[in-house]
Structures are given as C-alpha cells and as structure tokens.
Amino acid sequence: MKKKWPQVEDLEVFMAVVRHNSFSGAAVELGYSNAWVTKRINALEETLNTKLLHRNTREMRLTAAGEVALIQAEEIISKNNAAMDMIVNIKNDIKGNFHICSSFGFGKNHLTNPLSAFSKLNPGLKIKFTLTDTKLDLIKENIDLEIMVGESFHERYYAKKIADNKRILCASPGYLNQHDAPASPADLSRHQCLFLQEKGLTFGLWHLSDGCKQETVRVDGSLSSNNGEVILQWALDDHGIALRSEWDAKRYIESGDLIQVLPDYYEQASVWAVYPTKLEESIKTQKCITFLESYFACIHF
C-alpha cells in the first residue's frame with residue numbers, strides 16, 4: 001500500500017497554529033480564514049491518522065503525537081526550504097521569503113539602510129524585517145537570520161561574527177562637573193548608572209574588560225530602559241553614566257557632548273549573524289551575511 005504523505009503546506013499551517021497557540025492567530029499570519037486553517041489541520045490529522053491538538057473553547061495544547069509532529073515538521077520545513085533554495089537559486093538569483101530579525105535600536109539605526117540596498121540587489125527576495133527586544137525561537141518563528149549585538153546566543157544555533165564592536169562608558173560634562181569621575185570600575189557603584197536591560201540580561205550587572213582581565217560590576221541608578229537610544233539621551237541630559245555601543249556614542253564624544261569614562265575599560269559587543277541551519281543549506285542567508293560583512297567593513301561610524 002502506497003504511503004500517504006502530509007502536504008508541506010499543512011505542516012506550515014500546523015507550525016503557525018502552535019506559534020500563535022490559536023487558529024485565528026495562524027489565519028491572520030497566513031492570510032486565510034479560520035475555516036481554511038481548521039480544514040488544513042483536520043487534513044493533516046487525517047493523513048497522519050492521529051490527533052495533534054487538544055482543543056476546546058478555552059484552551060489548546062499539543063498531544064504527545066503533536067509534540068513529536070512539531071519537531072519533525074520544523075526539520076522537514078527547514079530541509080525543504082534549503083532544497084528549494086538550491087534549486088531556485090541555481091543561477092545565483094535568489095528568490096522567495098527571507099525573514100530577518102534584530103533588536104529595535106540596532107535594527108533601526110544600523111540595518112535599515114543595508115537591508116534596503118540588499119533588497120535592491122535581490123528584487124526577487126521578499127524580506128520581512130522584525131524588530132524586537134524579546135528573545136525569539138528562530139525555528140518556531142520561522143526566522144532565517146538574526147543580527148544581534150553581544151556575545152551570548154543559544155548553542156543550538158550557528159553564528160558568525162560580521163563586525164567588531166564594543167560598549168564604552170560615557171557621561172556628559174554636566175554630570176561629571178557635579179560628580180568625581182570614577183577612577184576604577186569599583187567606583188561605578190557610587191554613581192548614577194543608566195542601565196540598559198534587554199533580552200533577559202541580568203539587571204544591574206556590567207561586565208567590563210581592560211583587555212587582560214574581566215570585572216563584573218554591580219551598578220545602580222534611578223533610570224533604566226530597554227531602549228539604547230533612551231539611555232543615550234538620558235546620558236546627554238546629565239542623568240548619569242551609560243554603557244553604550246561605541247558606534248552610537250562616538251559622534252557625541254567627538255563633539256564633546258559626552259566624555260568617555262574609564263577609557264581603558266569596555267564590554268565586548270561584536271555584531272553577529274545567527275541562523276538556525278548551516279550556511280551551505282541557505283544561499284540567501286549566505287548572500288545576506290556576505291553583503292552585511294562587506295557593508296560594515298566599509299562604514300565608519
């Protein structure tokens with residue numbers, strides 16, 4: 001008897017339903033009706049001859065078979081996309097959907113222009129650019145590439161450094177006129193420090209290095225935010241010492257609006273490309289990373 005295989009489209013619908021924990025959320029993402037989503041899930045369950053979801057008017061959860069099906073669906077979709085990439089892009093003309101994510105601050109300030117240029121070079125590519133300061137599961141969210149700043153990413157993903165960067169300490173002349181500048185990292189505990197908390201970072205800890213040794217310093221202050229631009233503006237407004245990306249702070253230091261504090265110390269924060277599958281499995285991811293590497297190598301912040 002010939003085996004009946006599930007349709008790839010139905011697996012994508014199933015993953016969308018799990019992603020949103022609702023049929024209506026999946027319908028909105030996919031651009032179809034709730035009835036269509038229900039029909040596809042029913043067809044998938046019929047093909048697999050098993051129930052994938054427990055659902056009623058109040059809640060929905062995966063069955064044991066659904067848990068296994070989700071893992072397999074993610075793997076099948078990933079391999080299917082890679083195979084289609086290789087077939088469609090055989091002439092090096094990349095096409096299809098490409099989902100990229102990054103943090104709000106870095107994405108808005110440093111990725112908008114290069115992705116615009118990359119899109120013009122690859123008009124057959126449909127790019128979705130998601131900005132968020134929440135950690136995302138690249139596989140479950142169907143994200144091809146994350147561009148992130150920092151040295152911490154999940155070991156299940158692949159990563160490649162695409163640009164050097166570090167965070168430096170800075171404060172306004174107005175703030176330093178009212179407070180003695182710190183002479184060592186330990187002195188920071190006596191200052192108003194403007195803390196940026198994003199993507200699950202432990203609140204109040206700065207990890208500083210002088211190139212030889214690293215010190216973890218606990219800092220405090222009356223202002224904190226999950227947005228780097230807000231932190232930088234508060235530093236300009238004399239509220240305290242900020243630890244900001246050299247790319248963002250450099251122009252203010254050169255203009256004299258900010259002064260670098262403890263110039264021998266910094267926090268390593270390179271720019272990384274993070275992706276859920278091997279680079280050789282996705283030509284569009286390869287091309288985008290290569291393009292961004294070249295772009296950042298030519299830009300002087």
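Visitor: Which residues of H2 meet residues of H3?

Guide: In this predicted model, Phe23, Ser24, Ala26, Ala27 and Leu30 of H2 meet Asn34, Trp36, Val37, Thr38 and Ile41 of H3. The residues of this contact comprise seven nonpolar, three polar and no charged.

Visitor: Why are H2 and H3 called roughly perpendicular?

Guide: The axes of H2 and H3 cross at roughly 105°. Angles of 65 to 115 degrees count as roughly perpendicular, and H2 and H3 are therefore described in that way. Their axes come within 8 Å.

Visitor: What makes the phi of Asn21 worth a remark?

Guide: Phi of Asn21 is near 55°, a positive value in a residue other than glycine. Most residues other than glycine have a negative phi. Asn21 is placed in the loop between helix H1 (8–20) and helix H2 (23–30).

Visitor: Why is Asn21 called partly exposed?

Guide: The relative accessible area of Asn21 is 46%. Buried requires a value under 20% and exposed a value over 50%, with partly exposed in between; Asn21 is therefore partly exposed.

Visitor: Where is Asn49, and how do you know whether Asn49 is buried or exposed?

Guide: Asn49 belongs to the loop between helix H3 (34–48) and strand S1 (53–55). The relative accessible area of Asn49 is 70%. Exposed means over 50%, so Asn49 is exposed.

Visitor: What is the phi of Asn49?

Guide: Phi of Asn49 is near 55°, which is positive in a residue other than glycine.

Conventions
Residues numbered from 1 in each chain as written. Predicted model: local features only at pLDDT ≥ 70, side-chain atom pairs only at ≥ 80, totals over all residues. Heavy atoms only, no water. Helix = DSSP H or I, 4+ residues; strand = E, 2+ residues; numbered from the N terminus. Buried < 20%, exposed > 50% of the residue type's maximum accessible area, 1.4 Å probe, protein only. Axes fitted to C-alpha atoms, helices over the stretch in contact; angles between N-to-C directions. Parallel < 35°, antiparallel > 145°, perpendicular 65-115°, else oblique. Contact = heavy atoms within 4.5 Å. Nonpolar A, V, L, I, M, F, W, Y, C, P; charged D, E, K, R; others polar.
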